[in-house]
Amino acid sequence: MNAFDYRAPRTVDEALAILREYGEDARVIAGGTALVTMLRQRLVRPGCLVSLRDVAGLDRVDATNGALSFGALVTHRQSETSPLVRERIPVLAETFRRVATVRIRHMATLGGALAHADPNQDPPVTLLALGARVQIRGAGGSRELAIDEFFRDYYESALAPGEIVTGVTVPVPAAGSGAAFVKFLPRTADDYATVAVAAIVTSDGDRCRDARIALGSVGVTPLRGRAAEALLSGERMSAGLLEAAGEAVKGEVDPLSDHRGSAAYKRDMAAVMVRRALTQAWEAARRP
Amino acid sequence: MAHRIVGQPIARLDGIDKVSGAARYSADVTLPRLCWGKALRSPLPHARIVRIDTSKARALDGVLAVLTAQDLPDLLVGRRMFDMPVLARDRVRFIGERVAVVAAVDPDVAEGALGLIDVEYEDLPAVFDLSDAIEAGAPVVHDNPGAYEGAPAERPHPNVQSVLRFKLGDVEAGFREADRVFEHTFTTQLAHQGYLEPHAGVVALDEGGRVQVWASNKMPFRLKELLALALRLPPERIRVNLTPIGGDFGGKGSIMDLPLAYHLARATGRPVKMVMRYTEELMAGNPRHPSIVTFRTGVTKDGRIVARRVKALFNSGAYAAFKPAPSVNLGGTSMGAGVYRIPNLFIEGMCVYTNSIPCGHARSPGEPQVVFAGESHMDMIAREIGLDPAEFRRRNLLVDGDHLANGHHLEHVRAAETLEAALKASHWDEPKPGPWIGRGVAMTHRHIGVGFTNARVRLTEKGHVILMTALPDTGTGAPLVLRQIVAEVLGLSLDEVEIELANTDDFETDSGVGGSRVTHTGGRAAYHAAETLKEQIDAEAKKLGIPVTSLAGVAQAVAREGRTLEASHFYDAKSHAAVTSFTAQVAEVAVDPQTGQVTVRRFTTAHDVGTIINPIGHQGQIEGGLIQGLGYALMEEMQTEDGRISTVSLGDVKLPTILDIPPLTTVLLHDPVGPGPFNAKAIGEGSISAVAPAIANAVADACGARIRDLPITAEKVYAALREPRS
Amino acid sequence: MTRVIRLSVNGTAHEVDVPTYRTLLDCLRNDLGLTGSKEGCGVGVCGACTVLVDGKMISSCIALAVFADGHEVTTVEGLAEDERLHPVQQAFVDAGGFQCGICTPGQVVSAKALLDENPHPSDDEIREWMAGNLCRCTGYYKILESIRTAADRSRA
């Protein structure tokens with residue numbers, strides 16, 4: 001690797017100032033679980049690595065106004081084990097639990113995962129289904145983006161140069177809703193998903209009031225299954241409806257063929273996993 | 001017969017060094033002024049080297065030397081067939097071939113320097129596909145392979161490295177006798193041995209001008225011989241110092257990068273360490289050969305096999321250099337006959353050159369490939385002729401007095417008993433617990449390895465015994481087994497026997513570790529050395545008039561005369577014993593019809609064994625081999641496209657994790673008839689080969705999908721389930 | 001660029017001047033001579049490089065050495081106390097949870113971290129925690145047994 005400068009600012013302002021100083025020559029690092037491998041393989045060659053590890057105040061999980069707010073440096077392991085998350089948004093804790101291994105989860109951060117924008121990651125899928133909002137700061141000030149708008153392309157987020165994620169707010173699902181995260185792992189247990197689905201449904205008796213479906217590993221970004229959601233909205237839940245929802249998803253995904261499966265297989269599995277996630281979420285919604 | 005120490009489940013005390021981090025593997029060796037070597041590798045599968053410019057690399061701060069083929073003697077290396085240059089001279093033949101090498105003050109600087117070496121290539125037509133490579137007009141990987149030292153004479157096509165045949169009877173006549181004939185073709189994937197320790201080595205030139213070597217290599221004497229040839233030095237100038245090895249599984253028997261480390265050590269005047277990154281292992285290690293295997297079997301109406309023809313093609317990649325057998329082929333070819341009596345048999349195995357990664361030996365070389373094909377084929381025939389797969393096998397199993405494909409005569413054959421044991425323990429005949437659940441059986445056998453090994457034992461004044469061995473520790477627990485044997489023979493407790501690890505100066509030669517031979521040859525060497533020492537002790541004790549059990553007394557008396565009691569034995573098992581070891585395995589799987597995912601619910605493995613010297617170690621070998629077989633069957637694959645391996649990290653190879661292991665039942669059938677000490681047999685390579693076909697057969701039983709191509713992925717099963725049935 | 005880092009390793013304070021690109025693993029192995037932690041896959045997957053930083057297990061091959069500045073690192077060499085093996089290490093020896101030993105330092109460090117956090121894990125909990133520690137020799141059965149043994153002994 002090249003001998004890059006290494007800076008470890010203690011505040012967000014300091015970090016932003018360093019990013020301004022180095023411009024495109026700087027890369028931000030937090031957990032490093034993706035970036036260090038890229039550095040070792042010489043896929044990236046920054047002049048300066050800006051570590052956020054010592055920035056104060058970004059490692060908390062708090063409850064505020066029907067939502068949970070996460071600092072960008074909250075590790076996956078923290079999210080997985082946080083009593084607040086497990087109690088109020090258990091599907092999110094469960095999702096973090098499925099990421100890689102405990103070692104990785106001790107280092108990988110929420111902000112880093114979002115900035116990395118790998119469509120094969122698990123947390124963005126569930127965050128998308130939950131309607132999370134991402135807080136961003138840069139030279140021009142602060143802004144907030146719905147997570148639907150955060151992922152642009154394969155490894156490309158909406159972060160402008162010099163911007164960093166500072167936090168994520170996740171609405172707590174409404175009472176009467178049920179959620180599920182399904183990760184299809186046909187190879188080994190420690191893999192990225194071949195297909196992942198997060199589903200949140202709200203019941204109204206035996207009708208589905210609404211559904212939110214998000215999928216991972218089926219396109220260049222995590223995707224919402226909006227056609228499937230539309231089919232479900234207001235309808236009486238049935239096997240036939242689930243079947244139709246699965247079929248609808250096939251038209252919305254655009255998977256890439258890779259070691260984990262061909263595009264055609266992933267497309268078919270998207271339907272299967274959506275049906276399974278919806279079934280589990282519905283059962284959870286209907287439990288008293 | 002119960003022994004005092006042999007057969008006891010004694011814990012391995014070499015574990016203390018391993019659990020504490022004190023064990024020093026080759027990559028842990030450090031010397032004063034050590035520097036680091038890194039190899040530049042070809043990005044093209046077949047090309048002429050036009051020009052190499054190393055000037056920018058040489059100028060990089062911290063770089064100590066840069067070498068190309070021009071700086072090295074013009075010679076070729078190998079293990080049996082010498083067809084590979086140490087650095088590519090005028091031509092590269094696979095992506096990953098070494099083109100230049102750098103020494104620098106730290107590994108990062110060395111890797112940085114690689115990026116500064118300019119190589120101009122001119123593409124040559126390349127061939128990757130195994131079948132294409134032996135078609136007329138295929139691009140030729142080596143212009144004149146017959147001219148290489150060690151090259152077999154027969155060459156039906158310039159891209160054939162070797163042909164190995166086994167014949168019994170008259171196969172054409174046999175097929176005419178058959179009532180029905182079946183033919184099926186199977187393919188298996190490129191698969192790495194998956195040891196967690198990448199190849200590593202340190203080479204230092206000492207003040208006496210000797211070459212000191214530490215390397216992750218399991219046959220140090222052969223390494224010394226091959227290095228002597230590669231470096232053009234007399235063998236006495238080289239000393240291989242043994243280090244424990246972080247997993248071998250057949251893959252660590254070559255000189256790999258050591259000649260480069262030597263030349264860098266000469267160029268820099270400093271010791272050189274070279275450690276492969278795992279990406280380099282996946283590009284240029286010597287993995288298991290991919291294969292295309294066709295079985296054609298003729299059976300009578302009552303399910304007896306009368307004829308079989310097997311054609312196995314192995315994709316050996318760009319060089320034959322990594323194959324150690326004199327045939328330059330894979331011994332597993334002979335497993336075309338499986339565990340069956342086949343009066344008319346013709347097996348042909350062909351190793352083929354392509355512009356891909358050169359392959360080598362992996363646990364049970366050639367066997368998982370051929371046994372996957374053969375045991376899947378058996379099940380397919382059974383279903384066609386309406387017989388239970390177990391019954392079809394029963395009607396054809398080898399019995400005492402039969403001959404193997406290689407002509408070996410067999411005694412104490414327990415094939416039938418081993419099969420019955422597996423079936424019983426797996427509840428074969430009971431109804432399945434639900435739909436989409438299936439059971440599959442597969443069998444194999446594995447000879448007890450041969451080779452030649454030394455042992456030397458000497459009596460210390462304390463009355464303890466030191467056993468000197470030059471067998472490196474590859475993890476199988478051999479040192480403890482050897483100690484148990486010596487302790488048993490001499491009537492000592494285990495604490496009273498220590499191992500002293502020799503180096504290549506201490507013995508003349510040794511075939512090292514591999515081929516399931518160590519308990520046999522190493523054990524026999526230790527046994528006979530201990531027996532000789534016992535005779536000496538008994539004689540001295542008698543002379544002195546003291547009890548033969550007073551070893552300290554004898555030792556001290558002898559020491560007063562300035563002597564030490566010592567005995568050596570060189571055991572050379574020239575030919576295979578007339579016994580083999582059978583394995584029968586049953587997999588019970590569940591198939592998810594919506595996704596094709598296969599889950600192994602339970603696995604049963606039955607082994608026909610001799611005397612077990614250490615039950616913990618023995619079981620460890622069974623379990624380890626079995627899970628390697630599981631990975632081979634379901635998960636592992638090195639994916640390639642046009643000679644480029646796209647599986648670039650160990651994470652992509654998909655080795656099984658602790659979450660992937662099935663509940664396991666082991667059944668051992670004891671028959672103390674092995675050629676090893678105390679009638680031991682062998683176990684190191686017995687549990688791997690039948691796993692894949694057992695699973696494939698279980699999948700077919702569960703859902704009708706017959707997968708003939710490894711690994712058995714969910715996607716393949718899913719696709720098979722959706723094929724229209726003919 | 002280099003940076004002077006101050007870290008405590010197995011209770012001993014160290015000051016090391018490292019290039020910024022140096023991984024924690026390389027720093028431990030080459031700068032501090034602690035070769036117990038191994039490089040296997042080099043991408044954080046196999047677990048051979050597992051160390052604890054402030055008690056949390058991480059892959060040291062993908063952690064920069066500079067990350068450890070001001071922190072406490074525990075490696076396999078730091079588990080034994082006064083020449084006595086840590087109970088987890090002893091359990092691995094007794095139950096035969098190793099063969100070639102290259103993954104063993106990572107296995108015992110991870111197992112110790114598990115039992116520190118959860119002294120009586122179920123089999124499922126053991127397997128989930130240890131899923132990131134690959135082993136090619138043992139097939140894992142005896143690793144599981146070793147950890148169960150260590151947990152059972154601590155209960156006794």
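Okay, so let's start with β11(A) and its partner β12 (residues 195-204) of chain A: they pair in the antiparallel sense over eight bridges. Strands here are DSSP runs of E with at least two residues, helices are runs of H or I with at least four, and both are numbered from the N terminus. For two strands to count as paired, DSSP has to find at least two bridges between them.

Quick housekeeping. This is a predicted model, where local features need pLDDT of at least 70 and side-chain atom pairs count only at pLDDT 80 or more, while totals for chains, interfaces and linings use all residues. Residues are numbered from 1 along each chain as its sequence is written, and chains are lettered from A and ligands numbered from 1 in the order in which they are written.

Back to that sheet. It's an open one with four strands, in the order β11-β12-β13-β14 (chain A), and the pairing is antiparallel. Which strands stand at the edges? They're β11 (177-184) and β14 (223-224) of chain A, each with a single partner strand, so one side of each has no neighbour in the sheet. Helix α11(A) packs on this sheet, touching β11, β12 and β13 (207-216) of chain A, and its direction makes about 35 degrees with that of β12(A). By contact I mean C-beta atoms, placed from the backbone, within 7 Å. Axes are lines fitted to C-alpha atoms, for helices over the stretch in contact, and angles run from 0 to 180 degrees between N-to-C directions.

Now, α11 (residues 263-286) also meets α10 (residues 239-250), both in chain A: their axes come within 8 Å and cross at roughly 140 degrees. That makes α10(A) oblique to α11(A); the scheme is under 35 degrees roughly parallel, over 145 roughly antiparallel, 65 to 115 roughly perpendicular, and the rest oblique. The contact includes Leu242(A) and Val249(A) from α10(A), and Ala271(A) and Leu278(A) from α11(A). By class, the residues of this contact are eight nonpolar, two polar and five charged. Nonpolar covers Ala, Val, Leu, Ile, Met, Phe, Trp, Tyr, Cys and Pro, charged covers Asp, Glu, Lys and Arg, and the others, Gly among them, are polar.

Over to the other sheet. It's open too, with three strands in the order β1-β3-β2 (chain A) and parallel pairing. The edge strands are β1 (5-7) and β2 (26-29) of chain A. Neighbouring strands are turned by 25 degrees against each other on average, direction ignored. Three bridges join β1(A) to β3 (residues 48-51) of chain A, and Tyr6(A) has Leu49(A) as its bridge partner in β3(A). Helix α1 (residues 12-22) of chain A lies across β1, β2 and β3, running at about 170 degrees to β3(A).

Zooming out, chain A has domain 1 (5-51), domain 2 (61-171) and domain 3 (177-286), with bounds from an automatic or database domain assignment. Twelve residues of domain 1 of chain A are in contact with 17 of domain 2, and α1(A) gives the most to the domain 1 side, with five residues.

Last stop, chains B and C. How many residues does each give to the contact? Chain C gives 42 and chain B gives 42. On the chain C side, the elements giving two or more residues are α2 (87-95), α3 (104-117), α4 (123-130) and α5 (141-155). That side has 25 nonpolar, twelve polar and five charged residues.

Conventions. Two residues are in contact if their C-beta atoms, placed from the backbone, lie within 7 Å.
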